There are 2 protein chains.
Amino acid sequence: MSRVAELIEGGMQHNKEEQLFLGIDGGGTKCKAIVMTSNNIIIGTGISGPGNPVYGIEQAMNSITESANLALKDAGLDNINLSDLIAGVGLAGVNLPTLFEEMSIWKNPFKKMHLTTDLLIACLGAHQGSDGAVIVTGTGSCGFSYVEEQAVILGAHGFPQGDKGSGAWFGLEVVKHVLLSLDGIIAPSSMNEEVLKYLKVSSSVELVEATAGQPATFYAQLANIVFTAANSGDDIALKLVNEGAKYISNVARLLLQTNPPRMSLIGGLTPILFPWLDKDIQDELSKPFAPPEVGAVFFAKQQCLVATAEQLI
Amino acid sequence: MSRVAELIEGGMQHNKEEQLFLGIDGGGTKCKAIVMTSNNIIIGTGISGPGNPVYGIEQAMNSITESANLALKDAGLDNINLSDLIAGVGLAGVNLPTLFEEMSIWKNPFKKMHLTTDLLIACLGAHQGSDGAVIVTGTGSCGFSYVEEQAVILGAHGFPQGDKGSGAWFGLEVVKHVLLSLDGIIAPSSMNEEVLKYLKVSSSVELVEATAGQPATFYAQLANIVFTAANSGDDIALKLVNEGAKYISNVARLLLQTNPPRMSLIGGLTPILFPWLDKDIQDELSKPFAPPEVGAVFFAKQQCLVATAEQLI
């Protein structure tokens, strides 16, 4: 009988002797949590709001705690608290030293918290804890390779100054085109009508009002319009999709120079962007094994092993 | 003896019978105020912080009041209060209906407030209260024409989705280039070193940290670097300057279709951008007569005349 089956049979009573792990993937739009047993069985999951400390340390901490509580509730373990869990926490933004520092000193509710970037946990998840590389294209974009304990980051520059080939980038580019064409500066494209319809506006002034001060997540919603138009042969859309895809292909090519045993494309844009990548890059890409929150658990376990090894020395 | 000379002779006592006017130009970085007599003599000026309600209604109101008080103090008129002044107030952002509405209902400290866009007051100032067109290139960019009571606005789309050819646009474009070249995706340019030096950073991570979440005004600081590099023949800088200048030339060309009697280029980028505009556009441009805050007084006076005429009907 498996441990999980035992748990279920036992009315979700958990043997306090067995260490449980929490994996957290804190991104710009949501925070995902997963509770796993020591032998990698998923027993609960939870999702809450933004977990990226770039947009607020307080909010990130709240989202992490909330998603963890939801995962614990989902697991149905009444006799286990957050303070019993060893947490692996991967957060967008903590590649910036100041944010890493601020999150590290958090008096967190867990037994132990191992903090790292969303990139490392994505990579560990995609390659089942082994070395490899990932290219992430969701709201933002970046490339990451982790080979022989050497990490290489490309992109992760943020919006609007970077994140080329991401959902936000495609959305911003199409809005720029629509605004210029409504002024009569450039020719309109088939995307004009789609963007206005999606945002429920009908004039340049209304579009300016709808887009004023909007964050990356707002623009990322519009990426689908660009890909749909490209697939229908719209020239402007084709130019944008090819430019974004070329950038992602070039990022992949640079990552390959680090000799990753495996490379995956992950993030929300994956299914629509993949067919536009250079063919040689498509051939290099493997499906990810597990999501980043599982990678966060792998990270926590590896850190525990390191700590144990250090104690033995 | 002129009215102003009389005022000075009389120890800055002002004849309460004579109506004084206040002109306000509220922009994204500062708010300028001017106090003028009914016969257009400037007797005081003041400058305060951001007056653009896009970045906060409360702050805009405070900046307007503060700059007006400074202008009144500068005029040295002890017996005059804000409540004695008829104000013409031109604000960036109030071309958006919701912001116009919000600012209109302000219980302002003036005898009367006439509210309009920063564009109209810039145009009225540049052409001494007469019809004309202006192209503004400062932190943001836009074109505006006012001919026979018909206003046409081009651009004014905001950052980062618009404002092409503005200081913020040049700054953002160069940061994008520097970030990509530090990753090895594209070749570096002579601007890399200048941008890193200006922002006092030395790596890609530090540059990401320095630019994360920065507003248009931050990027506008970097525009000079692009123009300096273009003048030294840097290929990337030349491409950017030509792209931005071509856009501004095209905006000017569309404005000319409204048959403005006069057209001016105004805003902080004017001296460095002018030489890069198309030659036919350079020939169409005339120096502005007066700054926007003076145009705001012209606007207030015109509105008073309209009100008087309506009373006579």
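**View 1. The two assigned domains of chain A in the predicted model.** In this predicted model, the centres of domain 1 of chain A and domain 2 of chain A, taken over C-alpha atoms, are separated by 32 Å. The domain assignment gives residues 3–128 + 290–308 to domain 1 and residues 167–284 to domain 2. The contact between them draws 5 residues from domain 1 of chain A and 5 residues from domain 2 of chain A, and on the domain 1 side these residues divide into 2 nonpolar and 3 polar, with no charged residue.

**View 2. The contact between chain A and chain B.** Chain A contributes 25 residues to this contact and chain B contributes 26 residues. On the side of chain A that touches chain B, the elements giving two or more residues are β8 (150–155), α5 (167–182), α7 (204–211) and α10 (235–256) of chain A. By class, that side of chain A holds 12 nonpolar, 10 polar and 3 charged residues. The model as a whole scores ipTM 0.85 and pTM 0.87.

**View 3. Helix α2 of chain B and its buried side.** The buried residues of α2(B) are A60(B), S63(B), I64(B), S67(B), A68(B), A71(B), L72(B) and A75(B). Because these residues cover an arc of only 165° around the axis, they lie on the same side of α2(B). The strands against which the buried residues of α2(B) pack are β1 (21–26), β2 (31–36), β3 (42–48) and β4 (86–91) of chain B. After α2(B) comes G76(B), whose phi is positive, near 70°.

**View 4. The surroundings of I121(B).** I121(B) has its place in helix α4 (residues 118–126) of chain B, and it counts as buried because it has 29 C-beta neighbours inside 10 Å, where 20 or more are required. Leaving aside residues up to four places away in sequence, I121(B) touches D25(B), G88(B), G90(B), T116(B), P292(B), G295(B), A296(B) and F299(B). From I121(B) to G46(B) the separation is 75 residues in sequence and 17 Å in space, C-alpha to C-alpha.

**View 5. Confidence along chain A.** The mean pLDDT of chain A is 92, and 95% of its residues reach 70 or more. Over residues 1–11 of chain A, however, pLDDT stays under 50, and for this stretch the model has 9 contacts beyond four places in sequence.

How values were computed:
Residues numbered from 1 in each chain as written. Chains lettered and ligands numbered in written order. Predicted model: local features only at pLDDT ≥ 70, side-chain atom pairs only at ≥ 80, totals over all residues. Contact = placed C-beta atoms within 7 Å. Helix = DSSP H or I, 4+ residues; strand = E, 2+ residues; numbered from the N terminus. Nonpolar A, V, L, I, M, F, W, Y, C, P; charged D, E, K, R; others polar. Buried ≥ 20, exposed ≤ 12 C-beta atoms within 10 Å, placed from the backbone. Arc of directions from axis to C-beta. pLDDT = per-residue confidence, 0-100. Domains from an automatic or database assignment.
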